[in-house]
Amino acid sequence: MSSDLGKHHPTRQEIVEAALALADEDGLAALSVEAVTRAAGHAKGTFYVHFDDRTELLVALHDRFHDEVFEGIRDATSGLPAGPDRARTRIVAFLDACRRQPGVRAMLRDARGIPEIAELVQKRNAEAAVELAADLSGSTPWPKETRSEEHTSELQSRVDISYAV
């Protein structure tokens, strides 16, 4: 069982950074506990102080990638009024973030078969769809009286927005 040292513990961050570098170069298959700890310069046992297993590391990578993506989107769209221009800016910021980390994005796409990752993907898609639907409300072919939840549902069914490139 991993400890409660926290997500921001320096050693945990070193392990995450090493995993990100490996994922960027060689994808999901490269992320064995042994390879990650070797790249981070730590003993294999240290990994288990910070993570229960490889899946927990993948969840941390997913969270970090999307936290950075969402932060970039917020930065790019802050101060813009809701509407098609903000929606376009939101989408471009998302795509730019994916282009900056193509290996990590591809690794996370491949990891969607892992139930914990699939659940996180669904959650992040829902968050992104709510924000995008708010920007598109009143500027789409949907009737204006259509509720935002219906926009969100339609967006989620049409596009996997967390991994589209």
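What share of the contacts in the chain with a separation of 6 or more comes from residues 24 or more positions apart? For this model, which is a predicted one, the figure is 69%.

First, the overall picture. The chain has 165 residues, and 42% of them are buried. Next, helix H1. H1 has 17 residues and reaches 24 Å from its first C-alpha to its last, close to the 24 Å expected at 1.5 Å a residue. Its buried residues are Thr-11, Arg-12, Ile-15, Val-16, Ala-18, Ala-19, Leu-20, Leu-22 and Ala-23. The cover over these buried residues includes H2, helix H3 (44-50), H4 and H6. Just after H1, Gly-27 has a positive phi of about 80°.

Thr-11 sits in H1, which spans residues 10-26. Is Thr-11 buried or exposed? Thr-11 counts as buried because its relative accessible area is 16%, and the cut-off for buried is under 20%. Leaving aside residues up to four places away in sequence, Thr-11 touches His-42, Thr-46 and His-50.

Now the core. Which members of the largest nonpolar core touch the most other members? Of its 37 residues, they are Leu-31, Leu-57, Leu-58, Leu-61 and Met-107. The elements giving two or more residues to this core are H1, helix H2 (33-40), helix H4 (54-77), helix H5 (84-100), helix H6 (102-110) and helix H7 (115-136). H4 gives the most, with 9 residues.

Not counting residues up to four places away in sequence, Leu-31 touches Ala-19, Leu-22, Ala-23, Val-36, Arg-54, Leu-58, Leu-61 and Met-107.

Met-107 brings us to H6. The buried residues of H6 are Gly-103, Val-104, Arg-105, Ala-106, Met-107 and Leu-108. They pack against H1, H4, H5 and H7. Pro-102 also lies in H6, but Pro-102 is partly exposed, with a relative accessible area of 45%. The C-alpha atoms of Pro-102 and Asp-24 are separated by 6.8 Å, although the two residues are 78 residues apart along the chain.

Last, two helix pairs, both involving H5. How do H5 and H7 run relative to each other? Their axes come within 7 Å and cross at roughly 150°, which means that H5 is roughly antiparallel to H7. On the H5 side, the contact is made by Pro-84, Arg-86, Ala-87, Arg-90 and Ile-91, and on the H7 side by Glu-131, Leu-132, Asp-135 and Leu-136. The crossing of this pair is left-handed.

H4 and H5 pack at an angle of about 145°, with their axes 9 Å apart. The crossing of H4 and H5 is right-handed. H4 contributes Phe-65, Val-69, Gly-72, Ile-73, Ala-76 and Thr-77 to the contact, and H5 contributes Arg-86, Thr-89, Arg-90, Ala-93, Phe-94, Ala-97 and Cys-98.

How values were computed:
Residues are numbered from 1 along each chain as its sequence is written. This is a predicted model: local features need pLDDT of at least 70, side-chain atom pairs count only at pLDDT 80 or more; totals for chains, interfaces and linings use all residues. Side-chain values use heavy atoms; hydrogens and water are left out. Helices (H or I, at least four residues) and strands (E, at least two) are DSSP runs, numbered from the N terminus. Buried means under 20% relative accessible area, exposed over 50%, partly exposed in between (1.4 Å probe, protein chains only). Contact means heavy atoms within 4.5 Å. A nonpolar core is a set of buried Ala, Val, Leu, Ile, Met, Phe, Trp, Tyr and Cys residues joined through side-chain atoms within 4.5 Å. The expected span of a helix is 1.5 Å times one less than its number of residues. Axes are lines fitted to C-alpha atoms, for helices over the stretch in contact, and angles run from 0 to 180 degrees between N-to-C directions. Angles under 35 degrees count as roughly parallel, over 145 as roughly antiparallel, 65 to 115 as roughly perpendicular and the rest as oblique. A crossing is left-handed if the near helix is turned anticlockwise from the far one by less than a right angle, and right-handed if clockwise.
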